[in-house]
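Please keep the sequence and the structure in view while reading.

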Amino acid sequence: MHTSRIIIASMVIFAAPSLIDAKDKDISSGSTYIHPRPERFTDFTFISPLPAPFVNAYPKRKEMGDQYLDFFGVIAIVGETKKQRIDMRRIAHVLMGLIDNDQDGLPDDKHLWNKWKEKVNNENRLVLYVTEQKTTYKSFDGAHPSVYHQGWSSFRDGERLHLSNVQEELFHFLQRYFWEIEYPEAFGLDRNPRSIAHYAAVKAVRNKHYVYDQNCISHSGCLVPEFFFCVMTDVMKGWQGNGFDAPGQGEWRLKGNRDAIRQNYPDMMEMILTMQDQGKLPKKWPSFFLIKNRVIRRRSAKNN
């Protein structure tokens, strides 16, 4: 894990031809979540080269690539070349699944997203970046100001980008750039008193329920999102299947034990459940819909 670092109707389908062309379909692998009502979030029109106002805001952006996809007028999804379009689409659909968790075609937290739409411009637009290899997006890490807020590579260690990786890193992204700012008492960093999530993360390290890289746990910007992700793999529905092995039991020692999480971190669990009921946090990982659909199809095949 690293913080810097697509159902039609009510069903999930895989790699719909209207959304992913044949060429993209051939190179895709693993499960792909498709959000049923994407129209209000993006029209999937890829712009190339990158729009001049976007590049002119920070000239370093001209080195990023030539694929640009607008998401809700708030986020720019940028790809290195046309080969990244499939992953740019996948990222957009998973992002829709997280912020429109009830899949009605509108963001669940309307206030938050409307607020962002009013203040965004080419300078403060949030950027999700997809490259062929990790080394490319990491090469921008020293750029000031930062040219991207979350990056992925289509290939890493000989494997294509997994759905689990997309979900995890988007979850980190939402926490760091939206929830921490909008809900400081729940997620804020380095406050006095500490936010609920920060307090629970420090307690988890102290109790050795969360054991991770020392450099991360000593920095709140890494510790809190990484710890909270581990918690939500147990609290949110759907974190299972191929590629969903992280976090490991040795890292998150309460893995699979929701009762123990509730017992040891009651304030955080109350906060999570309340915010989920308010639409401020998702209740299900987008992968939940894939798993649910597979069960429906198995039952249907068995009955037939």
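Strands β4 and β5 run antiparallel and are joined by two bridges, where strands (E, at least two residues) and helices (H or I, at least four) are DSSP runs numbered from the N terminus, and two strands pair if DSSP finds at least two bridges between them. The model is predicted, and for this reader it matters that local features need pLDDT of at least 70, that side-chain atom pairs count only at pLDDT 80 or more, and that totals for chains, interfaces and linings use all residues. Residues are numbered from 1 along each chain as its sequence is written, and side-chain values use heavy atoms, with hydrogens and water left out.

**Overall content**

- The secondary structure of the protein comes to 13 helices and five strands.
- Of the 304 residues in the protein, 53% are buried, buried meaning under 20% relative accessible area with a 1.4 Å probe and protein chains only.
- The protein exposes about 14300 Å², of which carbon and sulfur atoms supply 48%; accessible areas come from the Shrake-Rupley method with a 1.4 Å probe.

- The five strands form an open sheet in the order β1-β2-β3-β4-β5, with mixed pairing, and its edge strands are β1 (67-71) and β5 (159-160), each of which pairs on one side only.
- Strands of a sheet pair through backbone hydrogen bonds, either parallel or antiparallel.

- β1 and β2 pair in the antiparallel sense over five bridges, with Q67 standing opposite G79 in β2.
- The hairpin of β1 and β2 has three residues between the strands, and in it F72 takes a positive phi near 60 degrees.
- β2 and β3 pair in the parallel sense over five bridges, and the bridge partner of G79 in β3 is V130.
- Strand β3 (residues 126-133) and strand β4 (residues 150-156) run parallel and are joined by five bridges; L128 has Q150 in β4 as its bridge partner, while T131 stands opposite S153 in β4.
- In the antiparallel pair of β4 and β5, the bridge partner of R156 in β5 is E159, and the hairpin of these strands, with two residues between them, includes D157, which takes a positive phi near 55 degrees.

**Burial of the strands**

- In β2, five of its five residues are buried, and both faces of this strand are covered, with I75, I77 and G79 on one side and A76 and V78 on the other.
- β4 is also mostly covered, since five of its seven residues are buried.

**The contact of α4 with α6**

- The axes of helix α4 (residues 110-119) and helix α6 (residues 163-182) come within 11 Å and cross at roughly 100 degrees; the two helices are therefore roughly perpendicular to each other, a class that takes in angles of 65 to 115 degrees.
- H111, L112, W113, K115 and W116 in α4 meet L174, Y177, F178, W179 and E182 in α6.
- The residues of this contact divide into seven nonpolar, one polar and two charged, where Ala, Val, Leu, Ile, Met, Phe, Trp, Tyr, Cys and Pro count as nonpolar, Asp, Glu, Lys and Arg as charged, and the others, Gly among them, as polar.

Conventions
Axes fitted to C-alpha atoms, helices over the stretch in contact; angles between N-to-C directions. Parallel < 35°, antiparallel > 145°, perpendicular 65-115°, else oblique. Contact = heavy atoms within 4.5 Å. Buried < 20%, exposed > 50% of the residue type's maximum accessible area, 1.4 Å probe, protein only.
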